[in-house]
Amino acid sequence: MPERSDALKKAQQKYMEKFSVARVRMERDRYERVQAHAEARGESVNGFINRAISETMERDSGAPAAAEEG
């Protein structure tokens, strides 16, 4: 596989600076259930977790949550 160009590396680094990383620990069987649930709905695990957080925050506050991709 060819090495990525400096421009591509720089662009990717700039893109990734927009994000923070939150690690979630769960037992393997629970993760597998979350993964299967997300895949059944055409989502990534990350996308599902972000959607679940947004929907819960919206429900908890009574205010509409912004749609987030993930």
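Modeller: By the rule used here, in which a salt bridge is a side-chain nitrogen of Lys or Arg within 4 Å of a carboxyl oxygen of Asp or Glu, the count comes to 4 salt bridges. Before going through them, please keep in mind that this is a predicted model, in which local features need pLDDT of at least 70 and side-chain atom pairs count only at pLDDT 80 or more, while totals for chains, interfaces and linings use all residues. Residues are numbered from 1 along each chain as its sequence is written, and side-chain values use heavy atoms, with hydrogens and water left out.

As background, side chains of opposite charge can pair when their charged atoms come close. For accessibility, buried means under 20% relative accessible area, exposed over 50%, and partly exposed in between, with a 1.4 Å probe and protein chains only. Glu 3 therefore counts as exposed, at 68% relative accessibility, whereas Lys 9, with a relative accessible area of 30%, is partly exposed.

A further salt bridge links Arg 33 with Asp 29, and here the closest N and O atoms are 3.4 Å apart. Both residues lie in helix H2, 4 residues apart, which is about one turn of the helix; helices (H or I, at least four residues) and strands (E, at least two) are DSSP runs, numbered from the N terminus. Arg 33 is exposed because its relative accessible area is 53%, while Asp 29 counts as partly exposed because its value is 41%.

Glu 43 and Arg 51 also meet through their side chains, in a salt bridge of 2.9 Å, N to O. Arg 51, with a relative accessible area of 29%, is partly exposed, and Glu 43, Arg 51 and Glu 55 are linked in a network of salt bridges.

As for the setting of these pairs, the chain has 3 helices and 0 strands, so that its elements run α-α-α from the N terminus on. Of the 70 residues of the chain, 9% count as buried. The chain exposes about 6,600 Å², of which carbon and sulfur atoms supply 51%; accessible areas come from the Shrake-Rupley method with a 1.4 Å probe, and for residues only the protein chains shown count as cover.
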